[in-house]
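Biologist: I am new to this structure. Please take one part of it and walk me through that part closely.

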Number of protein chains: 2
Amino acid sequence: MQRGLLIILSGPSGVGKGTIRKYFETDERLNLTYSTSMTTRKPRAGEVDGRDYFFSTREDFEKAIQEGGLLEWAEFVGNYYGTPLKEVNRLRDEGKNVLLEIEVQGAIQVQEKCPDAISIFIIPPSMEELERRIRGRSTEPEEIIQQRLAKASNEMKMVSQYKYIVCNDDPKLAAELIKTIILRHVELEENK
Amino acid sequence: MQRGLLIILSGPSGVGKGTIRKYFETDERLNLTYSTSMTTRKPRAGEVDGRDYFFSTREDFEKAIQEGGLLEWAEFVGNYYGTPLKEVNRLRDEGKNVLLEIEVQGAIQVQEKCPDAISIFIIPPSMEELERRIRGRSTEPEEIIQQRLAKASNEMKMVSQYKYIVCNDDPKLAAELIKTIILRHVELEENK
């Protein structure tokens, strides 16, 4: 069986990764699946352990880091988030294309460990538009918003680390561009 | 009748614009046409006046500039190149999508005059790869090659002036991304 692709979808927080993903993830030709992440943040209402995240204590998470069990991990607003390597490999070995929607610092780690990963960076039409989006959806205090804005601005500097850059001016077009990228890579794998 | 789109395909010289174009220009869904350019350079073997270019004297070209008859124009390695405005409007009024494959400085001029233009910038995977391509296909003296390299390096700085950026790592994928962009804009026009 042909091994599945590893696709990294990343970009500054607030850029609209989730919205874009909803437009393409249901396309069956893409044969996508998700690797459940591990996190130390508390479950939100409705979230299920093992489905939305593997919820973990800080101790267990740090143990996983030490043992090399995470493809990437990051600390964000006081919580750890990471991707269990075993889970990703299991899915790829089943021939599934694994989509990782992850933070920028995590994405860089994955690319170092998996040079064959297809990394896609979503950029906003402008930094002003990104600020508007971050403020628009947030119910958090100004201090946290300022942290997010500073983080997003730093994350934008990582654009050159990615294979593909897609601007989210029009989420539907962004989704179609991502589909095109994935389908071309599936075709290239088949012809190998 | 719905007015055609104006699509600008640009990028540093040597990046492979022509190769990419060959992959998508024959797709009938795109309803593409070309506006014949005007130039003062001498016809090459096999080139036909009015088909490949409108070949012009420097005097006539400069008169066209004065009269505002050019959507854009540029001087490159001692020759003028430009796009007759009248010709572009005629084709768009017929409902055709006009593709302009033009130099970077020209592309900036068109975007100023036609803010509705869909501008696509092709970038190389790296500057090293661009130099390799420019040297690989050139039969010109080192001095001219150096001019081209310096020009390409300057042109890369204009990337932020464009609506869409497409990397030419894989010409077939680049062509498919451009198709996706054009078809989405056709769809948006139809829904207006």
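Modeller: What follows is a close look at one strand, its partners and a helix residue. Keep in mind that this is a predicted model.

Start with strand β8 of chain A, residues 118-123. The strand is mostly covered, with 6 of its 6 residues buried. Side chains in a regular strand alternate between the two faces of the sheet. Look at the two sides of β8(A) in turn. A:Ile118, A:Ile120 and A:Ile122 point one way. A:Ser119, A:Phe121 and A:Ile123 point the other way. Both sets are buried.

Now the partners. Strand β1 of chain A, residues 6-10, pairs with β8(A) in the parallel sense. That pairing runs over 4 bridges. Within it, A:Ser119 of β8(A) is the bridge partner of A:Ile8. Strand β9 of chain A, residues 164-167, also pairs with β8(A). Here too the sense is parallel, over 4 bridges. A:Ile122 stands opposite A:Val166 of β9(A).

A:Val166 is in contact with A:Ala174, which lies in helix α7 of chain A, residues 171-190. Beyond its neighbours within four places in sequence, A:Ala174 also touches A:Ile20, A:Cys167 and A:Asn168. Is A:Ala174 buried or exposed? A:Ala174 counts as buried because its relative accessible area is 0%, and the cut-off for buried is under 20%.

One last pair spans the sequence. A:Ala174 and A:Arg21 are 153 residues apart along the chain. In space, their C-alpha atoms are 9.2 Å apart.

Note on methods
Residues are numbered from 1 along each chain as its sequence is written. Chains are lettered from A and ligands numbered from 1 in the order in which they are written. This is a predicted model: local features need pLDDT of at least 70, side-chain atom pairs count only at pLDDT 80 or more; totals for chains, interfaces and linings use all residues. Side-chain values use heavy atoms; hydrogens and water are left out. Buried means under 20% relative accessible area, exposed over 50%, partly exposed in between (1.4 Å probe, protein chains only). Two strands pair if DSSP finds at least two bridges between them. Contact means heavy atoms within 4.5 Å.
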